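This briefing goes through one protein model by topic. Please keep the sequence and the structure in view while reading.

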Amino acid sequence: MSGHAGAAVSARGTTCEILRCEFLCTTVPVEQCALVPFVVIRLPDGSIKSNEWLEDYALSHEAQDSQSAGSVGITSSTTVNGYSTSPSRSSDSDRYTLEYQWQKCTWALSCAQRDCGRPAVIQFAPLLKFAQIQVSEQMQSEDRAALCEALNSSRFCSEAHMHSTWQTLRALQFAQTKAREAIRQLDIDSRVEIIRMAFNPPPSSSTGNPGHASKQNHASNDPQELILQTFQENRRRNVVVGKQRVYVPVAEDIGCTLQLAVRCHSKQTGAGAWMSVDSERVLGIPAGPPRRDMLVLVHDDSLPGGLQLHSIDMDSATNRYGSAALRLVSYNCLAEIYTQGERYDHCPSWALAWSYRCVNLLRELSQYDSDVYCLQEIQEDQYESDIKPAFERLGYAGLFKAKTREPMGRKGKVDGCATFYRTSRLELLENHTIEYDNVARQLGDPVSQARLVNRFIRGNVGMATMLRKRDGACETVCVANTHIYWDPEKQDVKIFQVQAFLHMLSELNTQCPIILAGDFNSEPDSDVYELINTGMVRGPASQAKDPYNVLPRLNLYTGLPFQSAYAQTLGEEPMFTNYTAEYRGTLDYIWFLQAGIRVRAVLRLPDEAELVGEPPGSVVSSNPAHLAIPNTVWSSDHCALAVDFELL
């Protein structure tokens with residue numbers, strides 16, 4: 001959590017008091033991305049509640065029959081460790097409501113730096129002097145517009161922002177023809193001056209020495225050497241834009257700051273004091289990840305092997321194979337619970353916040369227009385609140401299997417695997433899930449059971465979904481989706497989990513094609529890769545540490561030799577599917593059994609320049625926000641894979 005907590009004054013014991021108000025994850029709002037506050041209040045009885053708990057309570061107990069706009073109903077309760085526990089239902093006299101009010105804050109005169117929006121405190125002098133002339137009625141409207149444009153481009157919040165556009169300001173006199181003529185009439189030469197103005201700045205701003213004016217008349221190209229100080233009025237304008245807990249900035253908010261005010265109402269004691277918190281300026285939402293082409297093998301008799309790799313548009317690939325086509329995407333989306341700490345410090349807080357990453361991930365996923373999506377690291381609460389509703393609006397149905405470990409914090413703070421399928425083309429026949437922990441509990445004797453549990457019980461899961469096409473061909477396909485344990489020092493755990501999943505698939509006794517997708521946390525030279533690719537592990541699996549001698553007891557012959565769709569098409573696996581500051585390599589795959597299915601095209605993986613290069617239109621030569629992913633363009637630390645299959 002982050003934010004600048006406001007302050008409120010209230011007499012304890014007489015009314016409810018806001019103790020804390022801040023923004024979750026980031027203080028930087030982004031267009032189209034929800035800005036969410038966290039509020040803690042003290043009730044007159046001394047109990048302390050958070051707004052999140054209070055909303056959960058209101059939902060679970062249906063505590064309110066009706067709500068006024070911008071309010072959330074709560075009731076008194078006992079507390080444990082400073083936060084409320086689940087109380088029994090209270091009477092109406094104990095009921096409270098939180099009132100929210102969002103305001104957009106603008107200034108009459110704002111900084112001309114792109115996307116800044118802060119109050120202007122300095123101005124380019126020649127253009128200001130031109131503006132102070134009595135404008136004649138004969139001035140043409142286009143001249144007035146040119147003058148206004150020049151003036152709006154001359155005001156800045158700081159010398160740093162003025163310096164960043166210094167060359168533009170010097171050229172502005174020559175670009176604005178009418179302004180140049182007026183300056184020449186006033187006999188103002190090309191020397192540069194700055195007029196510094198105190199516009200009733202915010203509390204943190206410096207106003208200088210009121211009433212003092214000094215001018216340095218030196219011909220210079222240095223903007224810091226020629227300063228004329230004066231003082232004018234600048235007004236802050238506040239407009240109410242919302243009264244709900246969550247606010248989603250719109251395009252009109254870009255460049256402005258937002259202020260949230262919160263207070264608590266009680267039927268018994270009345271309204272408490274307001275507490276407010278200010279955001280930083282609203283950013284426009286960046287462009288999403290660029291579209292990627294599909295790569296397809298095309299027959300060319302003039303080449304050795306008779307095949308050549310061609311790049312085709314993604315939409316063309318979709319329509320290329322008719323009703324027999326089936327596109328599948330596999331993507332580890334990076335659960336929010338794993339973004340804490342210092343691992344992703346290269347990414348700005350606003351780009352790492354789930355409110356932005358959710359919007360950006362959905363933009364990217366919708367580009368692929370896939371029939372089936374196999375997603376990993378989908379957080380359970382966000383599957384229900386964000387991901388599932390978004391996919392349903394696009395015409396998909398979803399299945400979710402959470403990992404079998406304890407939530408990290410509140411209920412729902414655990415990730416899992418999600419599979420979505422397009423309902424207009426596919427219908428669900430069966431869904432089978434596997435919890436690797438349950439299989440692990442069957443390993444070992446009673447003496448070694450506890451030690452095995454500590455090593456092999458990791459909470460990972462998988463699921464196999466039987467889908468049938470709706471086009472009358474009655475073709476059925478099994479889609480398997482899993483996320484294997486991550487630790488490179490525990491190869492025995494990885495082999496065990498993959499063996500258990502493949503064994504489950506073999507027991508399904510299906511005659512239909514099988515597609516196996518997911519994050520296997522294993523490189524192409526690993527035993528896990530060999531087990532999937534060949535249906536066995538040659539030798540004693542000597543590459544894996546096996547402190548409890550589990551692997552010799554496993555049947556490492558599955559009889560299911562899968563083919564990698566990417567390796568078959570490209571001749572090798574991609575250079576990487578995971579790209580972080582600490583690790584870059586291939587961990588994600590889409591596999592298939594040869595019978596009844598073949599690969600037609602694969603999605604091109606972005607190269608390093610696309611992943612960590614500068615965003616389009618950037619004027620900065622190097623940006624620490626783009627050293628790895630996630631960053632402002634890509635919202636996961638993995639890359640999405642996609643394959644166009646043809647069912648035979």
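Two strands count as paired if DSSP finds at least two bridges between them. On that basis, A325 has E646 in β31 as its bridge partner. The model is a predicted one. In the protein there are 16 helices and 31 strands.

**Overall figures**
- Of the 648 residues in the protein, 51% are buried.
- The protein has an accessible surface of about 29500 Å², and carbon and sulfur atoms account for 49% of that surface.
- Taking contacts between residues at least 6 apart in sequence, 73% join residues at least 24 apart.

- Strand β18 spans residues 325-332, and eight of its eight residues are buried.
- In a regular strand, side chains alternate between the two faces of the sheet.
- In β18, A325, R327, V329 and Y331 point one way, while L326, L328, S330 and N332 point the other way; all are buried.
- Strand β31 (residues 641-647) runs antiparallel to β18, and six bridges join the two.
- With strand β19 (residues 372-379), β18 pairs in the parallel sense, over five bridges.
- The residue opposite Y331 in β19 is L375.

- Strands of a sheet pair through backbone hydrogen bonds, in either a parallel or an antiparallel way.
- Six strands form an open sheet in the order β22-β23-β24-β25-β29-β26, and the pairing is mixed.
- Its edge strands are β22 (426-435) and β26 (563-564), each of which pairs on one side only.
- Opposite L516 stands W591 in β29.
- Helix α14 (residues 527-534) lies across β25, β26 and β29.
- The direction of helix α14 is at about 15 degrees to β29.

- Is L297 buried, partly exposed or exposed? Its relative accessible area is 33%, so L297 is partly exposed.
- Patch residues need over 30% relative accessible area, and L297 has 33%.

Definitions and conventions:
Residues numbered from 1 in each chain as written. Predicted model: local features only at pLDDT ≥ 70, side-chain atom pairs only at ≥ 80, totals over all residues. Heavy atoms only, no water. Buried < 20%, exposed > 50% of the residue type's maximum accessible area, 1.4 Å probe, protein only. Helix = DSSP H or I, 4+ residues; strand = E, 2+ residues; numbered from the N terminus. Contact = heavy atoms within 4.5 Å. Axes fitted to C-alpha atoms, helices over the stretch in contact; angles between N-to-C directions. Areas by Shrake-Rupley, 256 points an atom, 1.4 Å probe, with all protein chains shown as cover.
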